[in-house]
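Work through the exercises below with the sequence and the 3D view open. Try each task before reading its solution.

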Amino acid sequence: SLQLARRLGQYRLGLDVGFDLGDHQTAMASGWLSLRREALALRVTRRVTLAHDSEASGGLELLGVVETASSERLPETGSGTRLVPGLGARIGASFWPDSAASPFVDLTGAWLIGAATRAFRVGGNDVLTPRPLVFGVEFGIRTPL
């Protein structure tokens, strides 16, 4: 995950780009479908200083998950890209928050609104439907603006 953030007192307005490193594949007939995800989030968090070199935070976010499907050895492709909107929450910790590059870890949870996006279809069936609730762990570097 890469985060850009702007501090506003005890709050932070942030833009986050996260990369899902999980392997999402579904076997179908004589082939398979795979899915890649990248999450884009606009968030507001409240931060609390734990010590001079660390802080905790919690916040809410508007989320868009970009999903790209690709297929192998299928009569229909089922491939494409879609944007799945959602709402999320996160708690986390960062270290050396006043430095130019601050390492962080966040625990996230999100409600994805799959009905608001198009389906990937193979053989007339919906495949790789978004899960309504997703959870994750993010590690990365936060850079202040």
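A pocket is found on a 1 Å grid over the protein atoms alone: it is an open set of points where a 1.4 Å probe fits, with protein on both sides within 12 Å along at least five of seven lines, and its lining residues have an atom within 4 Å of a point. The model is predicted, so local features need pLDDT of at least 70 and side-chain atom pairs pLDDT 80 or more, while totals for chains, interfaces and linings use all residues. Residues are numbered from 1 along each chain as its sequence is written, and side-chain values use heavy atoms, without hydrogens and water.

**Exercise 1.** Find which residues lie nearest the centre of the largest pocket.

*Solution.* Start with the lining: it has 31 residues. Asp 20, Arg 37, Val 134, Phe 135 and Gly 136 lie nearest the centre. Next, look at strands (DSSP runs of E, at least two residues). Strand S10 (133-144) is among the elements that give two or more residues to this lining. S10 gives the largest share, 6 residues.

**Exercise 2.** Find which strands join S2 (residues 11-19) by bridges.

*Solution.* Strands pair if DSSP finds at least two bridges between them. Take S1 (residues 2-8): 7 bridges join S1 to S2, antiparallel. Leu 2 has Val 17 of S2 as its bridge partner. Now take S4 (residues 31-51): 9 bridges join S4 to S2, also antiparallel. Here Asp 16 stands opposite Ala 41.

Methods:
Helix = DSSP H or I, 4+ residues; strand = E, 2+ residues; numbered from the N terminus.
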